[in-house]
Amino acid sequence: MTSDAALALTDALSAGTVVLDGGMSNQLEAAGHDLSDALWSARLLAERPEAIVAAHLAYYEAGADVAITSSYQATFEGFARHGVPHDRAAELLGLSVELAREAGRRAHARGVARPLWVAASVGPYGAMLADGSEYRGRYGLSVAELERFHRPRLEVLAAAAPDALALETVPDTDEALALLRGARGLGVPAWLSYSVAGDRTRAGQPLEEAFALAAEADEVVAVGVNCCVPEDVDAAVAVAARVTGKPVVVYPNSGETWDARARAWTGSPSFTAARVHGWRRAGARLIGGCCRVGPVAVAGIAKALRAT
């Protein structure tokens, strides 16, 4: 699809349910790529862009309608720490959108006939730190400081003409407010998605307060949660729908827990495609998976949603 598909994505949310992809990192790791450094999957934008195309393609062919780009951990500051100059970092951010577009073109060439969209991932400040702080928030920065961090890459990603900006895995309301301000006026629809624990953000704010920030934001076309355990989604969907009146986006992880110190997942998965029916009834319109949710699970989501 071309950039003018943005309105079509908004229309699709009004008309029904849209399937999101799954975790980028687990798909890359399954293909044998080492993501152990601080840049995580963003490193492959420069080193193995074809691997990123292949990961997106696997999800499109599994049934995803939307690919979320590999820019979650891609920031000017993060790249600079690895010796990547500003101009090259901007190129790589734009490339993340183009790689997802290329995967869509290949999917269509292989017979996928439905519309395919691209959402540019904008991860939280803590993702750049690569120390697990994106699951805590409260970095000691003001809203204005966080906005100054996010705005430049938001501008670059928006200029690459994705169909949406995915303001995702947001741990607290300060960062949500900074992202909402940073996304204002860019001309690209956005969704705002918190990482939560129970009925609160990761930083401990009530979800009613967190979701309310986006209720009057015209740029925001969906509000919800991601990278949380599936068990926390049920109540969050209902709150997001009630507080904002907007379509709800949900893409939880597998149910396992990320150990930032060990840089490994622990516990057992609890994600099943059977959960998606309840989420849709509660108001979810963008449904997929996050970390450790792969193409097989996304195929199950797509089958479940399209069967009814």
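Contact here means heavy atoms within 4.5 Å. I worked throughout from a predicted model.

**Entry 1: the helix pair.** I looked up where helix α4, residues 49-62, meets helix α13, residues 295-306. From α4, the residues in contact are Ala58, Tyr59 and Ala62. From α13, I noted Pro295, Val298, Ala299 and Ala302. I then sorted the contact of α4 with α13 by class and found seven nonpolar residues, no polar ones and no charged ones.

**Entry 2: geometry of the pair.** Two packed helices are described by the angle between their axes and the distance between the axes. I read both for this pair: the axes of α4 and α13 come within 8 Å and cross at roughly 30 degrees. Angles under 35 degrees count as roughly parallel, so I logged α4 as roughly parallel to α13. I also checked the hand of the crossing of α4 and α13, and it is right-handed.

**Entry 3: the whole chain.** I counted the secondary structure next, and the chain has 13 helices and 12 strands. Its radius of gyration is 17 Å, close to the 19 Å that the globule rule gives for 308 residues, so I put the chain down as being as compact as a globular protein of that length. Along the principal axes, I have the C-alpha trace spanning about 50 × 45 × 40 Å.

Entry 4: I looked up burial, and 56% of the 308 residues of the chain count as buried. For contacts with a separation of 6 or more, I noted that 78% are between residues 24 or more positions apart.

Technical notes:
Residues are numbered from 1 along each chain as its sequence is written. This is a predicted model: local features need pLDDT of at least 70, side-chain atom pairs count only at pLDDT 80 or more; totals for chains, interfaces and linings use all residues. Side-chain values use heavy atoms; hydrogens and water are left out. Axes are lines fitted to C-alpha atoms, for helices over the stretch in contact, and angles run from 0 to 180 degrees between N-to-C directions. Helices (H or I, at least four residues) and strands (E, at least two) are DSSP runs, numbered from the N terminus. Angles under 35 degrees count as roughly parallel, over 145 as roughly antiparallel, 65 to 115 as roughly perpendicular and the rest as oblique. A crossing is left-handed if the near helix is turned anticlockwise from the far one by less than a right angle, and right-handed if clockwise. Ala, Val, Leu, Ile, Met, Phe, Trp, Tyr, Cys and Pro count as nonpolar, Asp, Glu, Lys and Arg as charged, and the others, Gly among them, as polar. The radius of gyration is taken over C-alpha atoms; the globule rule is 2.2 Å times the number of residues to the power 0.38. Buried means under 20% relative accessible area, exposed over 50%, partly exposed in between (1.4 Å probe, protein chains only).
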